[in-house]
Amino acid sequence: MNVELFLEVIRNLMTLEVLVAMLVGVIGGIVVGALPGLSATMAVALLIPITFGMSPIAGLTMLTAIYTSAVYGGSISAILLHTPGTPASAATALDGYELTKKGQGLKALGIATIGSMFGGFVSAVMLLFLAPPLSLISLKFYAPEYFLIAIFGLTIIGSLSSGNMVKGLASGVFGLALALVGLDILTGFPRFTFGNTNLESGISLVPALIGLFSLSQVLILVEEMHVKKQKFKGDLKGSVLPSWKELKNISPTMIKSSIIGVFVGILPGAGGDIGSWVSYNEAKRASKNPEKFGKGSIEGVAASETANNAVTGGAMIPLLILGIPGSAATAVLLGGFVIQGLVPGRELFTINAGITYSVIIGFVIANILMGIAGLLMAKYVVRVTEVPNGIVAPIIVVLSVVGSYAINNNVFDVYLMIGFGLLGYFMRKFNFPTAPVVLAIILGPMAEKGFRQSLVLAQGEVISYYLTRPLSVILIVLTLLALLTPLILNMLKKPQSN
């Protein structure tokens with residue numbers, strides 16, 4: 001980044017709109033993450049329509065701030081109520097709640113906040129330095145590679161986003177079928193529109209996102225309306241900041257967990273929950289007092305919370321370079337970039353460099369702001385976890401309807417959102433992951449265009465054409481590994497269970 005670009009980025013970020021958007025993203029993300037049952041993915045999907053009236057920098061900065069803050073927010077209910085606000089905080093609940101029972105809940109929150117801020121900051125800096133040079137790879141991509149990268153993204157998300165590879169792939173295939181709706185890319189002939197002109201432009205992305213992730217969550221909340229929320233009955237006393245000795249002891253763990261989190265985040269489909277568990281287990285293995293883990297170890301809290309926020313920046317690296325999300329939340333975030341007219345690849349760091357670097361540095365600042373806000377709110381944030389579902393659900397429904405309608409001022413989009421909400425609800429009930437559906441709707445057109453152009457370029461020799469291109473061969477191998485790895489792991493587990 002040269003001096004001129006750096007000054008442009010600073011000017012972009014020091015506007016009232018961007019600063020307010022960042023603050024709203026941080027506070028909103030913490031609140032959503034702290035509410036059990038709500039997720040970072042849902043928060044990002046719900047607020048994408050709001051970004052339409054904002055500048056790309058303000059809108060995307062808010063979405064990335066919500067993303068990282070919601071992941072951190074999940075630790076609050078995990079520590080105080082033993083109920084992870086997000087899946088990424090499941091490992092935090094083991095030691096965090098034990099510390100709360102010992103009267104050290106406030107200290108546990110402080111360690112979680114510092115760890116989350118540190119992990120998020122490191123991952124954001126890694127994103128800033130790794131993404132631009134790696135984006136040079138995308139310059140070598142032509143029609144065959146674009147087809148294969150789309151297929152690779154679909155297979156790896158499908159195989160890793162749930163415990164059942166078949167269901168994950170089925171969700172991806174279903175999403176590809178939805179991506180075919182609309183006008184043919186080359187001929188302009190309507191496909192699968194059933195005479196409805198509203199479908200000629202394809203499935204509208206935002207109503208699909210809101211329905212799958214937000215409205216489906218409302219239906220889950222309504223289903224659980226009769227279940228009384230657990231309330232925090234203790235008292236948060238003492239200092240939110242750990243002592244210097246405690247901070248010194250957990251520093252190596254936080255550094256190691258940050259590195260693990262970033263690399264887990266880069267792996268498409270892995271997500272914050274895998275990152276936190278991997279780091280937690282590694283911290284336990286390397287600890288001088290492994291017997292304390294699960295019984296109130298501050299190392300355990302630091303490891304899991306540092307890692308799950310380090311995953312956020314790592315997951316954005318393949319997103320910005322190749323358009324392959326590293327998690328369900330970044331799959332939705334990809335929709336936010338596409339809607340703003342920003343296509344992942346080298347152009348983000350050349351033509352749109354001012355916007356991209358502003359969003360990345362805004363992400364760095366958002367993580368620092370998240371840490372400060374978390375420490376200031378620690379004593380009072382427990383009240384957020386007690387908000388009843390009867391209040392949360394109607395608010396989400398109103399925002400979902402308004403957001404869907406506001407895109408094109410079209411009631412059809414509201415009906416589409418409701419349809420996807422019902423679809424998302426039943427998919428979740430039957431353990432079908434919803435992220436591959438969204439990803440397929442986004443990547444489907446790219447895959448189709450790349451494949452059909454490749455057929456023309458290959459002149460009838462499709463297989464030999466692909467095999468003579470080194471990058472294509474690498475992507476074919478990666479795709480096969482993505483498909484076969486879960487099968488091999490299952491086969492290895494079976495003898496152990498017998």
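Predicted model: local features only at pLDDT ≥ 70, side-chain atom pairs only at ≥ 80, totals over all residues.
Helices here are DSSP runs of H or I with at least four residues, strands are DSSP runs of E with at least two, and both are numbered from the N terminus. Residues are numbered from 1 along each chain as its sequence is written, and side-chain values use heavy atoms, with hydrogens and water left out.

Let's start with the whole chain. It has 19 helices and 2 strands. Of its 498 residues, 54% are buried, where buried means under 20% relative accessible area, exposed means over 50%, and partly exposed is in between (1.4 Å probe, protein chains only). Take the contacts (heavy atoms within 4.5 Å) with a separation of 6 or more: 80% of them join residues 24 or more positions apart.

Now zoom in on α16, which covers residues 411-429. At the start of the helix, a side-chain oxygen of N410 comes within 3.0 Å of the backbone nitrogen of F412. After the helix comes N431, with a positive phi near 60 degrees.

Which residues of α16 are buried? Among them are F412, L416, F420, G424 and Y425. Y415, on the other hand, counts as exposed, because its relative accessibility is 56%.

Y415 also belongs to a nonpolar surface patch of about 790 Å², along with Y405, V411, I418, L422, F426, F430 and F432. α16 gives the largest share of that patch, 5 residues. Such patches are made of residues with over 30% relative accessible area and no salt bridge; like charges are joined within 9 Å and nonpolar side chains (Val, Leu, Ile, Met, Phe, Trp, Tyr) within 5 Å. A salt bridge puts a side-chain nitrogen of Lys or Arg within 4 Å of a carboxyl oxygen of Asp or Glu. The areas come from the Shrake-Rupley method with a 1.4 Å probe, and for residues only the protein chains shown count as cover.

For a last stop, look at A112 in helix α6, residues 105-134. A112 is buried, with a relative accessible area of 0%. Leaving aside residues up to four places away in sequence, A112 touches Y72, S75, I79, V301 and E305. A112 and E305 are 193 residues apart along the chain, yet their C-alpha atoms are separated by 5.6 Å.

Key
Expected span 1.5 Å × (residues − 1). Polar contact = N/O pair within 3.5 Å; in protein donor to acceptor, adjacent residues only side chain to side chain.
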